[in-house]
Structures are given as C-alpha cells and as structure tokens.
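The structure comes first, followed by the points grouped by topic.

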Amino acid sequence: MSDIEALKKEIPPFKVFELIPQFAAQGFIDPDKIDLLKWAGVYPQRPQEDGYLMMRVKVPTAEFSSDTLRVVAGISEEFGRGFLDVTDRQAFQFHWLRIEQVPQIFERLEHAGLLHTKGACGDTVRAVIASPLAGLDAREVIDVRPLAAAMEGTLSGNPDFQDLPRKFKISLTGTPELEGVHLINDIGFLAHRVGDEVGFDVWVGGGLGALAHLAKRLGVFLRPEEVVEVGQAITAAYRDHGYRVSRKKSRLKFLIKDIGVERFREMVETQYLGRRLTDGPPAPVARFGGNDVLGIHPQRDGLNYVVVATTVGRIDPFKARRLAELADRYGQGVLRTTAFQNMMIPHVKSEDLAALSAELEAIDLAPKTTLRGTTIACTGTQFCRLALTETKARTAALVNDLEPKFSDLDVPFTINLTGCSNACTRYQVADLGFMGSLRGEEEVFQVHLAGSIGQAQRTGTKLKGFVPGTRLNEYTEAVLADFRANKRPGESFVEYADRVGHERFAPDTLLKPDEEAVLA
C-alpha cells in the first residue's frame, strides 16, 4: 500500500478542512498530513521548502457573476502577488499563498457564491466540466447546467467518493458537434437526439499522462433523469474495483483496458444500478474538438456570446476587474470559463459587439480566433514541483511572435505545451503537442503530432528527436509555414499531416543544425 493510500485510510481526506485552521494557527503544515491538502484544492508550490502554496478553485457549471470575479481578483491581489490563472478544467488558480491565509481565502470564496475548493485536487471527483455554451448556442440539444449542478452536488465533495484510487474527471456537453473533451475524461456525457428523444451518449475511461487512453463508448442512451444516477454508479464501480497498488496504473482507463468496456458496463448495471441500460448509437462528432468555438457567436435568443482569448490562461487582477466591468456594461453581469483556458462574456447585444471588442483589445483580451485562443500551457517550473521545463512565459512568447504571422489560417490550429509527461495541458491531443523534458541540463521538448479530440479521435504521433526550448518558436513557425503553404482550402492540420506524412515534421528535418552549437 502506498503512503497516500495508508494516509487516506487513517484520516478521511475531507477531514482536512477541519485540520487547516489548526495548520494556519500554528503557522506550518504537519509534514505527514501535507498530501491531504489536495482535497482542499491546495498544493505546496515549488520550491516546497519555501512554504508557499498554490490553490485551485472550482467553478461549478462554469458560470459566475461579475462580483464573484471581483472577489477572485481581490484574493489574487492581496494574497497571491497578482497571479491569477484560468485552467483547462474551467477553474481559477492562485499562487504564492501561505497556510496562515488559507482560512481567510476560504471565507471570501464562501461569500463569493458557488466557487469552492472541495475536491479541486486529490483522489476524488474533480471539477465537473460543463459546456460553457450551455443555454446559449442555438445548436444545443439540451442545457446541461442543471445536470452539472446536480452532479457537482452529489459526487464532487461527497464523502462516499472522497477515497477513490486516483483523480476522477467528468464532463457534460449539450453540443457534441462543437466539443470533444469527453474523450479525455473518466466519464463524458454527450447530449444528442435519437428520433424525437433527447438523451446522452456515455464515454468512459479517458485519460492522458504518460500512458494515454481515449475514452470508449459505453454503448448506451441515457434519459436526462438517469445521468446523475449513472454517474454515481460508474464512480462507485471505479472506487470499489479500481487499482490501488500502483498509482501509475490506478486510473479508470487501466481497469477498462484490462476488463473491457462491455464487462465494465455489465458490472455497473448488475452491481450498482440493478437494471440494464438502454442501448444507443453514438452522438455526432466535433470536427475540431471545441477549439473552433472562439470569437463571437449568436445565441438562440438573438444576443451573442463572446469567447475572450487569454494568453495561456494567465490574467491579472486589473484584467479580471475590467472583464467584470465589461460583463456588467455589455452583458448581464455574468461570465464563464472554458476548458481551453479562455473566458466568455455572454448576453451581448449585436450593436455593442464592436465597442466591447475594442475595449477587450485595449487590455489584450480580444476575442481572437487564431493561436492565442487555441494554445494552452501548464504551470511549469515556475510553480509546479513535477515540471521539468518553463512553460507559461515561453508559450506566451511563442503566441506573441507567431500569431501576427499566421492570422490568416482558415482552420483552428491547436498548440498544447506541458512541462512534464503528466499531460496537464493535453499534449497528446493537439495539432502540435510539446512535452517538456531535460537533455542534461538543457530544456527540450518532445513533439506529439496531429492528435485530436475532434473528428480524428486519436493521440498524436510521437516524433523522433527533440526541439530545444530555445528553438521552439523556430520549429513551430516552420510547421505552420509548411501547413499554410501546402494545405487545401478547409483542410485541417490532422488531415494535412496524414496526407503528407508525419515524418515530414520531425525536429531534425525542420530544424537546421544550430550553428552556435556546432561551433562550440
């Protein structure tokens, strides 16, 4: 039994919320209990010996008020040195916190509405991803927000699910033609119509990391009223039958790989539901997996939603307050986060779009539809103890350099960069996925090419060779230039790479020898 498994058996993980005031009062965290902080959304920050913490905050249903965003901005400014990130699971993240401050931050979040940290990390049900388009887009099959709220209320933070073998991720979407994150979640629910009936296609066992597996169809068609119950049953089956000996092989994907999705479905039906589920066909597929849902789009009610492109998810208190102000002035005082480190202002009148876009441009948060909106990066060595390479600043510089040069692409192009093999930013399912590593003391990146959570539904090809961190922009520009010069109209990068061959993009093929390195 691993140390963390032994700790979970000794202390129910959510009991950490009772321990935090004690840690805060004494000014330090008991070393043998530090791993429990994850269940409260709190991690030691790199370097751990300095005692600083990072905190992840859930945003249930992905929606929050402008006043809530002002509270978040205030926490970042007062306690977190002005650092504020939007994650690729629709959460907010703070840095530079001290344990003495955590109870005050929890109190402020409680007064801010629905935001909370319970189960934001740890071996439990993480943030439930809800489609940011819910209730807005005319192509929507059903508004999933009530289901997301019910699932958050019954699974996330539930003591029955506080001790799972590892983290557990769930997503719901009402617009399957536009979003594909179900492929990389432990459970993904996709609404679609079969005849005159609205229901959900269910996918299970998705997860990336060092050994990536895309989710598989359970083969069912659920009525909306069955979704929460089935979600509980699948989670319970994982709790009771998931592997606990090795944490490297404890995600649901490994159980399903070993026993098969048909047997897993039978287990859920017979042991947890007591009934057979209705068979059903697959839902429609999103061509680009969600990355084309950027910029300005019409709502079904005649208003518009505006997806605001951050730069690798990083904003600051000033920009957060300006966004809150713009949501009040041009929208209805609400905002949303997306699963691509972006934000959204819904309910904007058509006659206000030009003025809103100009004001967003002034704070470098314009609803751009090119690389700024389709590039994500993890925390990296700046704060993460596991990362091997710097990520945020490097990727922001790449976007600033290349976006003006390739603003004319007629299809989305996805760049995901992560500082280690843990895939916090999904490097295996991007057009260009970069995984950070070290070659001696040099920061380098392994390339995973032409993966997709869209129509292709596959992980990328791991190319031979490495891209030095100092030449990341050069390599990426060479790939984009080749694609733009030779692609067919409307052809995606996945389609193009398959047509011309993946070996065409090997680092050693595209990068000429570094003259300085040769001379040295």
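A residue counts as exposed when its relative accessible area is over 50%, and as buried when that area is under 20%. Glu503 has a relative accessible area of 60%, so Glu503 is exposed. The model is a predicted one.

**An exposed loop residue**

- Glu503 sits in the loop that connects H14 to helix H15 (507–510).
- From Glu503 to Phe318 the C-alpha to C-alpha distance is 45 Å, and the two residues are 185 residues apart in sequence.

**The second largest pocket**

- The second largest pocket holds about 260 Å³ of space.
- Its lining is made up of 24 residues, and Arg287, Phe288, Asp431, Ser452 and Val494 are the closest to the pocket centre.
- Helix H14 (residues 493–500) supplies the largest share of this lining, with 3 residues.
- Sorted by class, the lining of the second largest pocket consists of 10 nonpolar, 10 polar and 4 charged residues.

- Ser452 belongs to the loop between strand S19 (442–449) and strand S20 (461–462).
- Its relative accessible area is 8%, so Ser452 is buried.
- At 2.8 Å, the side chain of Ser452 reaches the backbone nitrogen of Gly454.
- Beyond its neighbours within four places in sequence, Ser452 makes contact with Leu214, Val429, Gln457, Arg458 and Val494.

**Cavities**

- Rolling a probe the size of a water molecule over the atoms shows where empty space is left.
- There are 4 cavities of 30 Å³ or more in the structure.
- The largest cavity has about 150 Å³ of space.
- Lining the largest cavity are 17 residues, and those nearest its centre are Pro132, Glu179, Gly290, Thr338 and Phe340.
- The lining of the largest cavity divides into 10 nonpolar, 6 polar and 1 charged residues.
- About 40 Å³ of space is found in the second largest cavity.
- The residues lining the second largest cavity are Lys58, Val59, Pro60, Arg89, Gln90, Ala127, Val128 and Glu152.
- By class, 4 of these residues are nonpolar, 1 is polar and 3 are charged.

**Nonpolar cores**

- The largest nonpolar core contains 54 residues, and Met55, Leu69, Phe92 and Leu323 have the most contacts inside it.
- Helix H9 (residues 317–330) contributes the most to this core, giving 6 residues.
- Another core, apart from the largest one, has 42 residues, including Leu147, Ala148, Leu172 and Val204.
- Leaving out residues up to four places away in sequence, Met55 touches Gly41, Val42, Phe92, Gln93, Phe94, Leu97, Val102, Ile105, Phe106, Leu109 and Thr117.

**Asn342, a buried polar residue**

- Asn342 is placed in the loop between strand S14 (334–337) and strand S15 (343–348).
- With a relative accessible area of 2%, Asn342 is buried.
- The side chain of Asn342 reaches the backbone oxygen of Gly373, at a distance of 3.0 Å.
- Gly373 is also among the residues that Asn342 touches once those up to four places away in sequence are set aside; the others are Val86, Leu294, Val307, Val308, Ala309, Thr310, Arg336, Thr337 and Arg372.

**Backbone geometry**

- Most residues other than glycine have a negative phi, and most peptide bonds are trans.
- The peptide bond joining Arg46 and Pro47 is cis, with omega about -10°.
- Pro47 lies in the loop between strand S1 (42–44) and strand S2 (53–57).
- Arg81 is not a glycine, yet its phi is positive, at about 55°.
- The loop that holds Arg81 runs between helix H3 (66–79) and strand S4 (84–86).
- Gln90, also not a glycine, has a positive phi of about 65°.
- Gln90 is located in the loop between S4 and strand S5 (92–97).
- Is Gln90 buried or exposed? Its relative accessibility is 1%, so Gln90 counts as buried.
- Gln90 is also one of the residues that line the second largest cavity.

Methods. Residues numbered from 1 in each chain as written. Predicted model: local features only at pLDDT ≥ 70, side-chain atom pairs only at ≥ 80, totals over all residues. Heavy atoms only, no water. 1 Å grid on protein atoms, 1.4 Å probe; cavity = no way out; pocket = protein on both sides within 12 Å on 5 of 7 lines; lining within 4 Å. Points joined across faces, edges and corners; volume = space filled by probe spheres on them. Helix = DSSP H or I, 4+ residues; strand = E, 2+ residues; numbered from the N terminus. Nonpolar A, V, L, I, M, F, W, Y, C, P; charged D, E, K, R; others polar. Buried < 20%, exposed > 50% of the residue type's maximum accessible area, 1.4 Å probe, protein only. Polar contact = N/O pair within 3.5 Å; in protein donor to acceptor, adjacent residues only side chain to side chain. Contact = heavy atoms within 4.5 Å. Core = buried A, V, L, I, M, F, W, Y, C linked by side-chain atoms within 4.5 Å.
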